[in-house]
Amino acid sequence: MPTGSPWSVERGEEIICTHKHLAGAALPILHALQREFGFIHREAIPLVARALNLSRAEVYGIVSFYHDFREIPPGRHVLRLCRAEACQSMGADALAERVRERLQVNWHETSADGRVTLEPVFCLGLCACAPAAMLDGRVIGGLDQTRLLALLDEARR
Amino acid sequence: MTRPRIFVPWDAGALALGASAVERALIAEERKRGVAIEIIRTGSRGLLWLEPMIEVETAAGRIAYGPVHGEDIAGLFEPLLEGGRHPLRLGRPEDLAFLRRQTRFTFARCGVIDRQSLADYRRHGGLKGLERALSLGPPAIIEEVTRSGLRGRGGAGFPTGIKWKSTADARAAQKYVVCNADEGDSGTYADRMLMEGDPFCLIEGIVIAGIAVGATKGFIYIRSEYPHAIRTMTRAIETARTEGLLGERVAGSAHVFDLEIRVGAGAYVCGEETSLLDSLEGKRGQVRAKPPLPVHKGAFGQPTVVNNVISLASVPAILAEGAEVYRDLGHGRSRGTIPIQLAGNVKYRGLFEAAFGLSLGEIVDDIGGGTASGRPVRAVQVGGPLGAYFPRALFDTAFDYEAFAARNGLIGHGGVVVFDDTVDMAKQARFAMEFCAIESCGKCTPCRIGSTRGVEVVDRIIRGERRAENLTLLQDLCETMRFGSLCALGGFVPFPVISALTYFPEDFGCAPLGAAAE
């Protein structure tokens with residue numbers, strides 16, 4: 001579940017501390033923070049900066065560079081739909097259109113009921129079972145409209 | 001009585017098609033019937049249109065069934081145990097035409113062995129390459145890899161032996177081996193399949209590289225979009241440490257080598273080696289200007305070999321079987337085998353490892369069986385989002401680095417994405433620019449600004465605004481990006497754009513070319 005636990009400075013510090021010895025620790029730390037809290041809380045940035053002897057701007061620069069890191073909490077579920085060519089060749093664009101219609105969202109947005117965040121992904125390596133998606137950690141291939149809408153209903157329950 | 005052994009893939013592709021439900025159904029049926037079975041989780045053999053494909057071990061060898069779904073198990077369970085008749089029975093996997101026609105060199109064990117078992121790996125010829133490497137010593141290992149003709153399978157095709165030699169020659173207290181597992185090209189999944197199906201092969205290749213160049217530490221940079229590969233590799237590294245394949249005395253030798261995984265964070269550009277290195281160091285994944293080359297100043301400023309997963313995973317077999325076996329396969333200056341990944345709208349979708357030199361037509365029509373939709377093939381994009389779109393008229397192009405380059409294309413990492421006649425090539429050209437705009441690291445202007453302007457120009461062409469003028473502008477912009485960008489992202493995005501325009505002008509509102517081919 002991507003939602004994660006509520007932000008806590010103490011827990012954040014703890015996570016930073018367990019990873020900061022790693023070579024090139026910034027990404028492992030940010031991944032671990034996001035795993036715990038569901039996103040990178042604003043208050044985490046100065047903590048990471050201090051631990052790694054970087055400026056806050058540098059840490060923010062890293063967070064904002066990578067598509068994976070979120071600055072706001074996601075919905076209860078995250079649906080990542082592949083938008084890349086192999087999935088396009090099997091009708092992914094039309095599927096994405098239907099999902100956006102059904103959820104009333106654009107890419108990177110969360111449905112009004114807070115249940116599903118829709119994110120684009122450029123390739124899940126499931127190009128031989130396109131169109132493909134990932135719902136939270138679960139991979140799904142060979143999607144069609146019926147299966148995808150059923151999946152959305154499941155996520156919104 | 002020994003329990004029947006059933007092989008179920010744990011490859012992300014097979015899981016995406018329902019392999020977990022198959023396993024659950026097998027376990028439920030086992031309990032219901034009180035018959036004990038042993039379930040072994042393998043990688044995938046790569047016949048994705050038959051996944052989930054499960055196998056049973058019989059006296060006559062393994063017998064495959066597929067595609068099997070959870071609900072099939074109740075009826076399949078009894079015949080399955082004996083390898084008996086059933087509508088889903090495929091026979092011996094090795095006899096299936098798609099597998100029989102391949103030269104499985106790097107993927108020989110993928111889908112066959114228990115992916116988590118070092119003992120099974122060893123039983124199937126694993127660690128023979130490392131044993132030979134240890135007996136040869138560094139200079140002879142490099143010599144062997146050079147003689148094999150192995151070139152970087154990430155896409156650039158740089159000779160692996162030369163890269164290793166340069167790193168070995170560099171003087172430094174600390175050197176690194178970095179495995180590039182940031183397989184971001186759409187249409188490619190060979191790295192993922194290898195890591196999920198034969199993780200010890202990759203570890204063995206990395207260890208050999210470390211010994212050859214004098215590195216004691218390695219990193220595998222895996223993209224975050226591959227959680228299953230990350231899990232399988234993480235466990236394999238732990239096992240390799242426990243079993244003494246990694247650590248203070250590699251496989252009982254005097255060599256020290258340890259390996260860590262780093263996970264990417266969704267930036268396509270990090271597949272480019274210098275931005276990967278910046279990302280590995282915990283920075284924004286921005287491209288570095290070269291020189292200095294990574295072999296002299298790579299990870300953390302130290303001499304570093306950066307190799308793709310398939311390059312490194314080919315090394316154990318090259319050493320075990322000898323450079324000549326590998327070198328004698330192939331075509332022109334492209335030696336050995338390449339895992340061709342048939343993807344998108346193609347009937348027989350999957351990984352086909354073959355010696356270089358098949359024609360694109362053979363790959364798409366013959367091996368791939370045409371489109372999955374049953375409509376005519378119109379365009380094929382080879383080499384990922386930066387690869388050219390080829391029309392049928394160019395289906396005689398041989399699958400090798402030089403032949404594709406000669407036709408303004410690239411084979412890249414070996415992905416082949418097939419489109420039927422419903423494709424709108426102007427939309428594909430626009431997408432290439434849009435993708436570049438989304439993924440540009442922002443370091444150089446042609447890529448950062450050019451990609452956004454590119455989307456706008458293509459939009460104007462599609463709308464029919466001053467078409468002739470905008471077509472000239474697009475050509476000019478592509479020229480600037482091609483020659484002015486720092487790396488292949490901005491530098492190669494003109495390939496899909498210009499090829500779409502050249503071979504499918506009617507989609508841009510221009511007069512169709514009589515004969516689009518050269």
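What follows walks through a predicted two-chain model, from the overall build down to single residues. Residues are counted from 1 along each chain as its sequence is written, and chains are lettered from A, with ligands numbered from 1, in the order in which they are written. Since this is a predicted model, local features need pLDDT of at least 70 and side-chain atom pairs count only at pLDDT 80 or more, while totals for chains, interfaces and linings use all residues.

On confidence, the predictor gives the complex an ipTM of 0.97 and a pTM of 0.97. Chain B has a mean pLDDT of 97, with 99% of its residues at 70 or more; pLDDT is the predictor's confidence in each residue, on a scale from 0 to 100.

Chain A comes with 7 helices and 4 strands, where helices (H or I, at least four residues) and strands (E, at least two) are DSSP runs numbered from the N terminus. Along the sequence they run α-α-α-α-β-α-α-β-β-β-α. The chain splits into domain 1 (9-65) and domain 2 (77-156), with bounds taken from an automatic or database domain assignment. The C-alpha centres of these two domains of chain A are 29 Å apart, and the C-alpha trace of chain A spans about 50 × 30 × 25 Å along its principal axes. Of the 157 residues of chain A, 46% count as buried. Here a residue is buried if 20 or more other C-beta atoms lie within 10 Å of its own, exposed if 12 or fewer, and partly exposed in between, with C-beta atoms placed from the backbone.

Chain B has 21 helices and 16 strands, and 58% of its 518 residues count as buried. Its C-alpha atoms fill a box of roughly 80 × 60 × 40 Å along the principal axes. The radius of gyration of chain B is 24 Å, which agrees with the value near 24 Å for a compact globule of 518 residues; that radius is taken over C-alpha atoms, and the globule rule is 2.2 Å times the number of residues to the power 0.38. Of the contacts in chain B with a separation of 6 or more, 72% are between residues 24 or more positions apart, a contact being two residues whose C-beta atoms, placed from the backbone, lie within 7 Å.

Four domains make up the division of chain B: domain 1 (5-100), domain 2 (118-327), domain 3 (330-420) and domain 4 (425-508). Between domain 3 and domain 4 of chain B, the C-alpha centres lie 23 Å apart, and 11 residues of domain 3 touch 14 residues of domain 4. On the domain 3 side, β14 (377-382) and β15 (389-391) of chain B each supply at least two residues. That side divides into 7 nonpolar, 4 polar and no charged residues; Ala, Val, Leu, Ile, Met, Phe, Trp, Tyr, Cys and Pro count as nonpolar, Asp, Glu, Lys and Arg as charged, and the others, Gly among them, as polar.

Where the chains meet, 34 residues of chain A and 46 residues of chain B take part. On the chain A side, α2 (26-37), α4 (56-65), α5 (85-88) and β4 (138-140) each give two or more residues. The residues on that side of chain A divide into 23 nonpolar, 9 polar and 2 charged.

Zooming in on chain B, helix α6 (residues 128-136) has B:G129, B:L130 and B:A133 buried. Seen down the axis of α6(B), the buried residues fall within an arc of 95 degrees, so they line one face of the helix; the arc is that of the directions from the helix axis to the C-beta atoms. Their cover includes α7 (138-148), α10 (199-213) and α13 (309-321) of chain B.

B:M193 sits in helix α9 (residues 190-197) of chain B and counts as buried, with 33 C-beta neighbours inside 10 Å. Beyond its neighbours within four places in sequence, B:M193 is in contact with B:D11, B:G43, B:S44, B:G46, B:C110 and B:L351.

Most residues other than glycine have a negative phi, and most peptide bonds are trans. The bond from B:K290 to B:P291 is cis, with omega near -5 degrees, and the one from B:P291 to B:P292 is cis too, with omega near 0 degrees. B:P291 is in the loop between α12 (273-280) and β9 (304-308) of chain B. In chain A, A:Q104 has a positive phi near 55 degrees and is exposed, with 10 C-beta neighbours inside 10 Å.
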